[in-house]
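Subject: A structure to look through

Dear colleague,

I am handing over a structure that I would like you to look through, with the sequence beside it. Please open it first and keep it in view while you read my notes below.

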Amino acid sequence: MRTPCTHIALACLLAGSIYATEAARGLREQSEGEGTEGDASVRVIYSNGKLQSDWESWPWGVEYLNFEDEKYALPETDASMCTKIKPFGAVSLKTSKPFQAEGTLTFWQKESEHGDLNLEIQLESSVSVQYAVSSVASLGNEGDGESPIQVVSEASGGTSQVGEDSTWVKKEIRLKEFAESAEVFDRITLGRCLQQGDSCKGNQGDHKDKVVLVCLSEIQLEGQPDEVITVDEEGEAVAFSTNP
């Protein structure tokens with residue numbers, strides 16, 4: 001049986017959560033109101049064989065993951081990030097500097113002969129009041145009018161030490177499409193059947209159980225504000241710079 005004190009504690013906890021969310025929103029609006037054109041910045045996540053120091057890799061269900069893979073490389077770069085993802089596996093990148101659901105996430109991806117088999121991308125947040133996971137966007141649905149992902153450029157060539165012609169496409173993801181679950185995220189996960197598990201269990205022909213080779217390069221967040229607003233452990237809104 002809940003006592004009046006219990007009800008008071010629950011009410012205080014709820015009020016604290018609401019206050020923290022509103023405080024963060026108010027601080028963000030104040031920051032945006034004081035900003036000027038050109039405040040939006042580009043945050044590099046991975047470039048030319050190097051994962052930035054404020055990002056960590058937390059993969060699962062992959063045969064290998066190489067951030068300095070020289071077998072395939074985007075034109076004018078020396079290496080790319082390549083991995084072979086099993087069904088239900090994923091490459092997950094987590095940052096110590098959260099980002100907002102604004103602007104775009106862009107990257108170059110090497111085209112696969114089998115296509116983007118069940119590849120999905122989702123955002124996650126451990127800096128929200130509760131751990132949040134966004135909906136997924138399927139990498140194979142670009143250009144269908146509803147997908148937040150679109151192909152914006154294409155390049156051929158680059159380094160291929162396995163005797164194949166490399167074709168790369170630049171993809172752009174609108175982050176605001178993921179804002180329903182949280183406004184601030186600190187993790188980007190690319191995997192197979194992250195939320196649509198039946199796709200990996202169903203009839204996918206000869207490719208159902210195959211690992212998928214995925215090579216990415218020049219991953220970055222574009223259109224990010226110079227300050228990101230989060231909520232600390234005490235429920236207070238905190239603004240910090242994301243610039244190096």
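Let me begin at one residue, Leu-65, which is found in strand β4; helices (H or I, at least four residues) and strands (E, at least two) are DSSP runs, numbered from the N terminus. At 24% relative accessibility, Leu-65 counts as partly exposed, because that term covers the range between buried, under 20% relative accessible area, and exposed, over 50%, as found with a 1.4 Å probe on protein chains only. Not counting residues up to four places away in sequence, Leu-65 touches Ser-57, Pro-59, Met-81, Cys-82, Thr-83 and Val-91, where a contact means heavy atoms within 4.5 Å. One of these, Cys-82, is 17 residues from Leu-65 in sequence, while the two are 5.9 Å apart in space, C-alpha to C-alpha.

Before going further, please note that this is a predicted model, in which local features need pLDDT of at least 70 and side-chain atom pairs count only at pLDDT 80 or more, whereas totals for chains, interfaces and linings use all residues. Residues are numbered from 1 along each chain as its sequence is written, and side-chain values use heavy atoms, with hydrogens and water left out.

How far does the predictor's confidence reach? The score, pLDDT, is the predictor's confidence in each residue, from 0 to 100, and the mean for the chain is 77, with 64% of its residues at 70 or more. Confidence is lowest in helix α1 (residues 4-34), at a mean of 41, and highest in strand β2 (residues 50-51), at 98. Over residues 1-39 pLDDT stays under 50, and for this stretch the model has 27 contacts beyond four places in sequence. Where pLDDT is low, the predicted coordinates should not be read in detail.

Which residue does Cys-82 bond with? Cys-82 forms a disulfide with Cys-215, and their sulfur atoms are 2.0 Å apart; the rule asks for a pair of cysteine sulfur atoms within 2.5 Å, and by this rule the count comes to 1 disulfide. The link of Cys-82 and Cys-215 is right-handed, with 110° about the S-S bond. Since Cys-82 lies in strand β6 (residues 80-100) and Cys-215 in strand β15 (residues 212-224), the pair ties together parts that are 133 residues apart in sequence. Both Cys-82 and Cys-215 are buried.

The next topic is the packing of nonpolar residues. A nonpolar core is a set of buried Ala, Val, Leu, Ile, Met, Phe, Trp, Tyr and Cys residues joined through side-chain atoms within 4.5 Å. The largest one here has 31 residues, and those with the most contacts inside it are Ile-45, Phe-99, Leu-105, Ile-121, Ile-188 and Ile-219. At least two residues of this core come from each of β1, β6, β7, β8 (119-125), β14 (184-192) and β15. A second, separate core of 7 residues includes Tyr-72, Leu-74, Cys-82 and Trp-108.

The structure also holds 3 aromatic pairs; rings of Phe, Tyr and Trp (its six-membered ring) pair if their centres lie within 6.5 Å, and planes under 30 degrees apart count as stacked, over 60 as edge-to-face and the rest as tilted. Tyr-46 and Phe-67 form a tilted pair, 6.0 Å centre to centre and with 50° between the planes. As Tyr-46 lies in strand β1 (residues 41-47) and Phe-67 in strand β4 (residues 60-69), this pair ties together parts that are 21 residues apart in sequence. Tyr-46 is buried, and so is Phe-67. Elsewhere, ring pairs link Trp-55, Phe-99 and Phe-185 into a cluster.

As for the strands, two of them pair if DSSP finds at least two bridges between them. Strand β7 and strand β13 (residues 167-174) run antiparallel and are joined by 7 bridges, and in β13 the bridge partner of Phe-107 is Lys-171. Strand β11 (residues 149-156) is likewise joined to β13 by 7 bridges and runs antiparallel to it, with Lys-171 in β13 as the bridge partner of Val-151.

Finally, two residues have a backbone angle to check: Phe-88, found in strand β6, has a positive phi of about 75° although it is not a glycine, and Glu-218, found in strand β15, has a positive phi of about 50° although it is not a glycine either.

With best wishes
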